[in-house]
Every structure is written in C-alpha cells, then in structure tokens.
Amino acid sequence: MALAAKRELVCFFSMMMMIMAFSGACMAATYNVGDSAGWTIQVPVDYTKWSSTNNFHVGDKIVFTYNKQFHNVLQVSHQNFQSCNATSPVASYTSGSDSITLKSPGNFYYLCGVPGHCQAGQKVPIKVNRSSASPSLAPSESALSGSPSAFIAPGPSPSSAPIIQSSKFWLVVTALAFYLIGYLIN
C-alpha cells in the first residue's frame with residue numbers, strides 16, 4: 001500500500017475514533033434507584049447513601065422500579081421530604097417502572113407516598129450537577145421530563161456509568177495514538 005494511502009487511512013480512522021469519543025461524551029447515564037433491590041421497603045436500602053455514591057448530571061435518567069400495588073413515587077419539596085409529608089407532591093408516578101429525566105441542576109426529592117413507607121426509609125434525595133454538555137442551563141424548580149404518564153424502559157444499570165466514562169477515556173487515547181501514528185508517518 002502506498003505511503004499516501006496509509007496516511008489517509010490512519011487519518012480517517014483517527015478522525016472516526018475522535019468523533020466517536022466526543023459523541024460519547026454527550027451520552028446520558030441511567031441509574032436504577034436502589035440498584036438491584038429497586039424501590040422497596042422489603043429489602044433494607046439506604047437510599048440517601050445510594051444517592052450520595054452516584055454523580056447525577058443534567059440529561060441523566062433515574063428509574064424507579066417497584067410493585068405498583070404496594071408503592072408509588074412522589075416528587076416533593078425539601079420540607080415535605082424531611083417530614084415525610086406526601087400530601088402535596090410536585091409530581092406523582094405510579095407505573096411501577098418510572099423513568100425520570102433530570103432536566104436541570106439542583107436538589108430534588110422523592111418518596112413513597114404509602115403511609116409509613118417514607119418513615120421506614122423509602123425516600124431519596126437526588127443532587128443534579130450541571131452537565132458539561134449543556135453549561136448554559138440554569139437551575140429550575142422541576143427536573144421532570146414531561147408528564148408523569150410518559151415512561152420509557154429502563155436502561156443500563158448505574159454500574160455502567162463508570163464503564164461508559166472509562167470507555168470514553170480509552171477512545172480518546174486510541175484516537176490520539178492513531179493521530180500520532182499518522183503524524184509520524186508523514
């Protein structure tokens with residue numbers, strides 16, 4: 001293969017890898033609330049601890065999976081979250097598989113409105129950080145993506161978020177390696 005053709009091929013693959021890496025940087029993560037236990041009081045889950053171990057960004061999704069005969073999900077104010085008051089929710093979800101897109105930075109609060117469940121620990125605070133892909137977004141009162149009746153199927157588990165970020169790192173490293181090889185061939 002001629003040197004010029006090799007150079008063009010290396011440059012083409014380098015550019016493709018860089019495009020893939022940068023487009024991957026805009027991917028949102030999906031987090032299953034409570035991981036494999038889901039949204040429940042049957043299995044002891046420290047939802048506050050679960051939330052604090054995740055790094056939520058604008059565009060990410062949180063998915064509440066539960067038995068809809070025994071639970072629900074209510075988005076509430078901070079004050080109502082602290083007192084487990086479910087009487088005036090900001091939003092109510094009852095499908096058993098509620099997917100909520102985090103649309104703005106800020107603190108958001110969710111609890112189960114079934115009497116006694118919030119007091120038993122079925123409540124989760126979600127701190128949403130500004131996304132690097134959309135720095136011009138300003139904080140707002142709601143992180144909802146449309147009506148509570150609009151649901152989508154759950155995506156990958158929360159453990160996939162670090163894998164996605166790790167993959168992005170290696171895509172960038174690979175792209176830079178291809179670029180340097182192309183440069184050295186010149």
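Analyst: Serine 99 lies in strand β6; strands (E, at least two residues) and helices (H or I, at least four) are DSSP runs numbered from the N terminus. Residues are numbered from 1 along each chain as its sequence is written, and the model is a predicted one, in which local features need pLDDT of at least 70 and side-chain atom pairs count only at pLDDT 80 or more, while totals for chains, interfaces and linings use all residues. Side-chain values use heavy atoms, with hydrogens and water left out.

With a relative accessible area of 6%, serine 99 is buried. Buried means under 20% relative accessible area and exposed over 50%, with partly exposed in between, using a 1.4 Å probe and protein chains only. Although serine 99 and asparagine 32 are 67 residues apart in sequence, their C-alpha atoms are 9.0 Å apart in space.

The sheet around β6 is open and has 3 strands, in the order β1-β3-β6 with mixed pairing; two strands pair if DSSP finds at least two bridges between them. Its edge strands, β1 and β6 (97–101), each pair on one side only. From one strand to the next, the twist averages 20°, where axes are lines fitted to C-alpha atoms (for helices, over the stretch in contact) and angles run from 0 to 180 degrees between N-to-C directions. β1 and β3 run parallel and are joined by 3 bridges, and threonine 30 stands opposite lysine 61 in β3.

The loop between β1 and α2 holds aspartate 35 and serine 36. Aspartate 35 has a phi near 55°, a positive value in a residue other than glycine, and is partly exposed at a relative accessible area of 40%. Serine 36, by contrast, is exposed, with a relative accessible area of 81%. The C-alpha atom of serine 36 is separated by 9.2 Å from that of threonine 65, which is 29 residues away along the chain.

In the largest nonpolar core, which has 22 residues, Val33, Trp39, Ile62, Phe64, Tyr110, Val124 and Ile126 touch the most other members. Such a core is a set of buried Ala, Val, Leu, Ile, Met, Phe, Trp, Tyr and Cys residues joined through side-chain atoms within 4.5 Å. Two or more residues of this core come from each of α2 (47–52), β3 (61–65), β5 (91–93), β7 and β8. β8 provides the largest share, 3 residues. Apart from this core lies another, of 7 residues, including Leu74, Val76, Cys84 and Cys118.

Strand β4 (residues 73–76) and strand β7 (residues 106–111) run antiparallel and are joined by 3 bridges, with leucine 111 in β7 as the bridge partner of leucine 74. β7 also pairs in the antiparallel sense with strand β8 (residues 123–129), over 6 bridges; there, phenylalanine 108 stands opposite isoleucine 126.

The whole structure contains 1 disulfide, defined as a pair of cysteine sulfur atoms within 2.5 Å. The disulfide joins cysteine 84 to cysteine 118, S to S 2.1 Å, and is left-handed, with -70° about the S-S bond. Because cysteine 84 lies in the loop between α3 and β5 and cysteine 118 in the loop between β7 and β8, the pair ties together parts that are 34 residues apart in sequence.

Finally, asparagine 80 is found in helix α3 (residues 78–83) and is buried, with a relative accessible area of 10%. Leaving aside neighbours within four places in sequence, asparagine 80 is in contact with Asn85, Ser88 and Leu111. The side chains of asparagine 80 and serine 88 are joined by a polar contact of 3.3 Å. A polar contact is a pair of N or O atoms within 3.5 Å; within protein, one must be able to donate a hydrogen and the other to accept it, and residues adjacent in sequence count only if both atoms are side-chain atoms.

Notes:
Contact means heavy atoms within 4.5 Å.
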